Each structure stands twice: as structure tokens, then as C-alpha cells.
Amino acid sequence: MSFSGHKHFKKRLRLLRLAEIDYLEGRYHACVPLLLSLLDGVVDDTSGHVGFFAQGSDLVVRDSIAAHETGLTVLAKIMTKSAKKTNESPCNIPYRHGILHGKELAFDNKIVAAKCWAAFLLQETGQKVMKN
């Protein structure tokens with residue numbers, strides 16, 4: 001993992017390693033909520049006030065494919081889709097509200113977990129660009 005180069009990611013290394021172990025051992029039910037919460041927290045720490053999933057978060061970084069205006073902002077919008085009904089059908093998108101509020105009941109699969117990792121890695125890439 002390359003997260004140790006940025007102070008806000010470095011703080012989360014212990015939990016990221018646990019999420020990695022859970023992912024590699026197929027415990028997607030454990031790594032998905034953990035990654036969603038870590039993603040929100042690292043963006044909140046980095047921005048100083050707004051998490052990844054908050055309305056009005058600014059995830060655009062100039063000169064970065066990872067944080068292009070059509071990248072993380074759109075991803076955050078998709079992942080924050082509201083969950084009014086309980087869903088028992090398998091999903092392929094890490095819907096934060098549905099997962100963390102117990103409405104999305106079949107999120108525990110490799111596709112959703114991989115997408116959470118991808119979002120986290122994209123955020124980390126965007127932070128490296130902002131730092132340089």
C-alpha cells in the first residue's frame with residue numbers, strides 16, 4: 001500500500017491493513033463498510049470540513065485525471081444515492097447510505113469491495129497531486 005506518504009492516509013494504515021486482510025480473505029461484509037467510513041474520514045481530514053459523501057464537497061483537483069470534474073465528484077454522487085427501501089437483491093455499486101444504514105442487504109461481494117478500494121485509491125492519487 002502506498003498510503004503511508006500522506007499524513008491523513010498514514011493515520012488510517014492500521015484499519016486499511018485490516019480491510020485488506022478482510023478483502024483478501026473474502027470478508028466483503030467487513031471491508032466494505034470500513035472502507036466507506038475511512039474514505040469519508042480521509043476526505044474530511046484533508047478538506048478540513050467536508051467528507052467524501054457530503055453535499056458540497058469539492059473533489060476536483062486541477063491537472064489530475066483521478067480528481068477530474070467528471071471523476072470523483074460523479075462517483076461520490078452515485079455512491080450517495082438515497083436508500084428508502086430495503087433491498088435484498090445483490091448490488092454492484094457501493095451505495096453508502098444503503099450499506100451503512102442497513103438498507104442494502106446484499107452488498108457483501110467482491111465487485112462492491114473492489115469499487116470501494118478503487119474510490120479510496122483514486123482519492124489517495126488526488127491527494128498526491130494536490131500535495132505536489
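In the predicted model, the buried residues of helix α2 are Leu13, Leu16, Ala19, Asp22 and Tyr23. An α-helix has 3.6 residues a turn, so residues three or four places apart point the same way. Helix α2 covers residues 13–24.

Arg12 belongs to the loop that joins α1 (7–10) to α2. The relative accessibility of Arg12 is 11%, and Arg12 therefore counts as buried, the cut-off being under 20%. With residues up to four places away in sequence left out, the contacts of Arg12 are Leu38, Gly41, Val42 and Asp45.

The cysteines were then considered. A disulfide requires two cysteine sulfur atoms within 2.5 Å, and by this rule the model has 0 disulfides. For Cys31, which is in no disulfide, the nearest cysteine sulfur is that of Cys116, at 7.1 Å. Cys31 has a relative accessibility of 0% and so counts as buried. Cys91 likewise takes part in no disulfide; the nearest cysteine sulfur to Cys91 is that of Cys116, 9.4 Å away. Because its relative accessibility is 7%, Cys91 is classed as buried.

Key. Residues are numbered from 1 along each chain as its sequence is written. This is a predicted model: local features need pLDDT of at least 70, side-chain atom pairs count only at pLDDT 80 or more; totals for chains, interfaces and linings use all residues. Side-chain values use heavy atoms; hydrogens and water are left out. Helices (H or I, at least four residues) and strands (E, at least two) are DSSP runs, numbered from the N terminus. The expected span of a helix is 1.5 Å times one less than its number of residues. Buried means under 20% relative accessible area, exposed over 50%, partly exposed in between (1.4 Å probe, protein chains only). Contact means heavy atoms within 4.5 Å.
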